[in-house]
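Thanks for making time this morning. I would like to walk through one model with you, beginning at a single residue and then widening the view to the whole chain.

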Amino acid sequence: MLPTEILKSEHRVIEQVLEVLQHIAEGAAKDKLIDAASATQALDFFRNFADRCHHGKEEAQLFPMMESKGFDRDSGPTGVMCDEHEEGRALIKGMADSIEANNPDGFAEYANEYVRMLRMHIQKEDHCLFSMADKVFSTSDQDELLRLFEEVEVEHMGAGTHEKYLQIANDLADRYGVAKVSEGTGCTCSHQH
């Protein structure tokens, strides 16, 4: 499996929780009430699975390797992706602040913008950035990225963390009637044997 395939499979799980977030936002806007428990769980998922783990792999391993192959951080695609990661972090903070302030309209606004932005971001990575990376990486580059991704899972995130967030994603999907990525199998990530 290529490192970019791992990232794509993580995207599918992230999209599942984005679908849940959209439902939470719709409820907040319509009923003027935030499902704070589900919203807080979703934000925990986005902070840790989507940002710390998934974006962490991109920012610490994938993007620097692409830049070492000639992609320019300042005017190239990796810089754009990093800027969008930062935008996502700001929107997550806005959602968290809105939960804290019990501001359903603010929450819905930040959540809808986050869903829109992250879906477009995922499309750019899946259909453009990852194929660019696969074209310039040698087999040894791909093997090194797989090793580095495994390191993120084990050393930075901790054993069982990935599975914990896959379970949260599935629990939220069950609660909101959202289709799950793959029943019972989670995602095809590098650390699963």
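This is a predicted model: local features need pLDDT of at least 70, side-chain atom pairs count only at pLDDT 80 or more; totals for chains, interfaces and linings use all residues.

Is Ser 38 buried or exposed? Its relative accessibility is 1%, and because the cut-off for buried is under 20%, Ser 38 counts as buried. What is Ser 38 in contact with, once we leave aside its neighbours within four places in sequence? The partners are Ile 24, Leu 172, Arg 175 and Tyr 176.

As general background, nonpolar side chains in soluble globular proteins tend to be buried together. In this model the largest nonpolar core has 36 residues, and those with the most contacts inside it are Ile 14, Phe 45, Phe 46, Phe 107 and Tyr 114. Two or more residues of this core come from each of α1 (3-31), α2 (36-68), α3 (77-100), α4 (104-136) and α6 (161-176), and α1 gives the largest share, with 9 residues. To take one of these residues in detail, Phe 45 touches Val 13, Ile 14, Val 17, Ala 50, Tyr 165, Ile 168 and Ala 169, if we do not count residues up to four places away in sequence. Apart from this core lies another, of 15 residues, which includes Leu 62, Met 66, Phe 71 and Cys 82.

Stepping back to the whole chain, the protein has 6 helices and 0 strands, so that, in the sense of helices and strands as DSSP runs, the pattern along the sequence reads α-α-α-α-α-α. Among contacts with a separation of 6 or more, 83% are between residues 24 or more positions apart, and 48% of the 193 residues count as buried.

As for overall dimensions, the radius of gyration is 17 Å, which agrees with the value near 16 Å that a compact globule of 193 residues would have. The C-alpha atoms fill a box of roughly 55 × 40 × 25 Å along the principal axes.

Key:
Residues are numbered from 1 along each chain as its sequence is written. Side-chain values use heavy atoms; hydrogens and water are left out. Helices (H or I, at least four residues) and strands (E, at least two) are DSSP runs, numbered from the N terminus. The radius of gyration is taken over C-alpha atoms; the globule rule is 2.2 Å times the number of residues to the power 0.38. Buried means under 20% relative accessible area, exposed over 50%, partly exposed in between (1.4 Å probe, protein chains only). Contact means heavy atoms within 4.5 Å. A nonpolar core is a set of buried Ala, Val, Leu, Ile, Met, Phe, Trp, Tyr and Cys residues joined through side-chain atoms within 4.5 Å.
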